[in-house]
Amino acid sequence: MDILARNNVKVKGRGTVPMLFAPGFGCDQNVWNTVAESFEDNYKVILFDYVGAGNSDLAAYSPDKYSTLEGYAQDVLDVCEALKLENVILVGHSVGGMIGALASLEKPELFSSLIMLGPSPCYLNDPPEYAGGYEKEELTGLLDLMEKNYIGWANMFAATVMGNPQSPELSADLEERFCSTDPVIARQFAQATFFADNRKDLPNITVPSLILQCTDDVIASMEVGHFVHENTPHSTFRVMEATGHCPHMSHPEETIRLISEYLAGDMANFEKKKTGDRV
Amino acid sequence: MDDQLNFAPCGFITMDEDGNLISVNETLLILLDYSGEKLSGKHINEILSVPARLFFQLYFCPLIKKEEKVEEMYLSLTTSKGEELPVLINALRRNRNNASVIDCVLIPMRKRDEYENELIQAKKMAEIALLEKDKAVIEMEDLLQKIEEQRQELITLNRENQLYKENMEKELQLAKNIQETSLTEPISNEELQIDAYYKASSELSGDIYGFYQISRTQYGIILLDVMGHGISSSMITMSLQSLFQRLISRGVTGERIMKELDAHLHELFRNNADAWHYCTAIYLFIDTKKQTIEYVNAGHPPALLQAPDGIQYELISTTPPLGAFEGITFVKNSVEYSSGGRLLLYTDGVTDPLDVQHLPDLLMKHPSASLKELKGSILQSLEETESSYTENDDKCFILVDLK
């Protein structure tokens, strides 16, 4: 299978150190346009879409595989393998950060650092210890909203994913889809994302990480950000001035700056480690 | 905000890029049960339901950022009293007074929402039905495949069976040949002429015969019919054959021969009642010098002796069949004959399909026919009455011309 075509992989940049950008839930690799471009001078920039999102190959979608975040993490690993990447800097937004973390648990040797924008290991409240931010009904309400916003063109796509033999595969539909995809796939991705609980995985992360926490992020609250930081070894926590959940789009300059600063420091640490000094 | 927009028949809001409300028109404030300017300065999250806040971040923000507009997005608002207000929102990002702002038009759609809910419900039902149908199709395909596998299995079994059958038939044919090889050859000299006919049913025969010249003027003729036919019966005939061959050749008396064969059968089935077979037998001891026939008939159809004058005698059974009861004493009988006499011995496979009188009449009608001609006539009679019934039994007869 051609992974590069399957995941709509785009390789750009003039550097050699690979920087792999993993989108969050909902949209495709275009969310990274501004941020990724700024790293093209010094890095090898890799963009991709998860199977089922953007311009990926919908025929490669498997409801079983992509019913959990591990399936998406495998996409990340597949892309790394297809491009024979090493010492990858993985930049993941929202659930993309968790997907990257899961990929690093599978193959820690592939990654040099993990940069997570607005990550959350669990969106559900689990009182009294943990406040993910949401009750089950509220997350189900989100699924319903998604459904309502697909009215009109749902039927065309639904048939493909359900593998209805009577309707031939989707015509080579390569138009820009940005934030829209097959509603059934979107719903499954949403379920995999918003009902996941990866809190126990955080302490196992060995790759050094940067957590970028927005101010007033309704999706991943400050509290959740702290939780991730406290439970993830070798993690650095930075609170952004940016508000909302998409700092890479709303506040690209700040995002770029914080990532660059971290990488500069991290590379220094990396160099130190190589020479055997204690960090 | 001018009056027209303020009281337009739709909600209208302007917010900054972070989602902070700059202005909200009166129509929306009324719809949401807010009064005055209470909402400006607050974040749009204030009027969004919880799921809508998530959806707003996940879809509205990226879309407005990248596409500069949002069209026909469905969101659910919450009034100040906590009631839900479904709206359709169109938004446009533009620069005003050197700042990027987002203008939104919101159309309440309570009735349409109900209608869409029903549509979604119907769609879900249809999808469930479709899934079930697909499942049924898959199950059916599985079933078809299983049937096909079973068919293939049957074909293989059938082929094996066919092969087995062919081997078996080959084996049976070979066994038949062996059985026929054990039969004695016709005798023809100045004193007598003996000829025989022997035909197994479709399988192996339960009949067996033998004729031996014991001395220059003495001959022994034996004919046995083991109950049933096929492999088991034929094996018994073979074991009896090896026994009577030795006994007759040694010139043992008929009574003794019968006793030995009888004992042999009892011995064979002593511990195996399931395999029990009995056997009818007739033994003729012919002395050509004395012109006498001594015979013992154990349950066998009578042999026919025709004198030169055409008078027929039946050498009838005087004891039960061999292997039937233990401790039987076999008794011999004697008859004299004259030159030109003729003997016919047969098994019931020959007479059963024919009329009782048929063979005696045939013998009577052709007193001067050669043995060969007589044999031909009998066979012709048998052929004429050929049926599935007659095919199913072994046939054997012996003709003797006494000179």
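Q: Is A:Glu147 buried or exposed?
A: A:Glu147 is buried, with a relative accessible area of 15%. Buried means under 20% relative accessible area, exposed over 50%, and partly exposed in between (1.4 Å probe, protein chains only). This is a predicted model, where local features need pLDDT of at least 70, side-chain atom pairs count only at pLDDT 80 or more, and totals for chains, interfaces and linings use all residues. Residues are numbered from 1 along each chain as its sequence is written, chains are lettered from A and ligands numbered from 1 in the order in which they are written, and side-chain values use heavy atoms, leaving out hydrogens and water.

Q: Which side chain does A:Glu147 meet in a salt bridge?
A: That of B:Lys124, at 3.3 Å from N to O. A salt bridge here is a side-chain nitrogen of Lys or Arg within 4 Å of a carboxyl oxygen of Asp or Glu. The pair crosses between chains, from helix α4 (residues 110-181) of chain B to helix α5 of chain A. Helices are DSSP runs of H or I with at least four residues, strands are runs of E with at least two, and both are numbered from the N terminus. B:Lys124 counts as partly exposed, at 27% relative accessibility.

Q: How many salt bridges across the interface of chain A and chain B?
A: Two by this rule. B:Asp113 with A:Lys148 is a salt bridge too, with the closest N and O atoms 3.0 Å apart.

Q: And which helix gives the most to the side of chain A that touches chain B?
A: α5(A), with eight residues.

Q: What area is buried between chain A and chain B?
A: About 3000 Å², with 70% of it from carbon and sulfur atoms. Buried area is the accessible area (1.4 Å probe) that two parts lose on being put together, summed over both. In contact terms (heavy atoms within 4.5 Å), 37 residues of chain A meet 32 residues of chain B.

Q: Changing topic: what does B:Asp195 form a salt bridge with?
A: With B:Lys375, the closest N and O atoms being 3.5 Å apart. The two lie 180 residues apart, B:Asp195 in strand β7 (residues 192-199) and B:Lys375 in helix α9 (residues 371-384) of chain B. B:Asp195 is buried at 17% relative accessible area, and B:Lys375 is buried at 19%.

Q: Last one: why is α7(A) called largely enclosed?
A: Because nine of its twelve residues are buried. Among them are A:Phe189 and A:Phe194.
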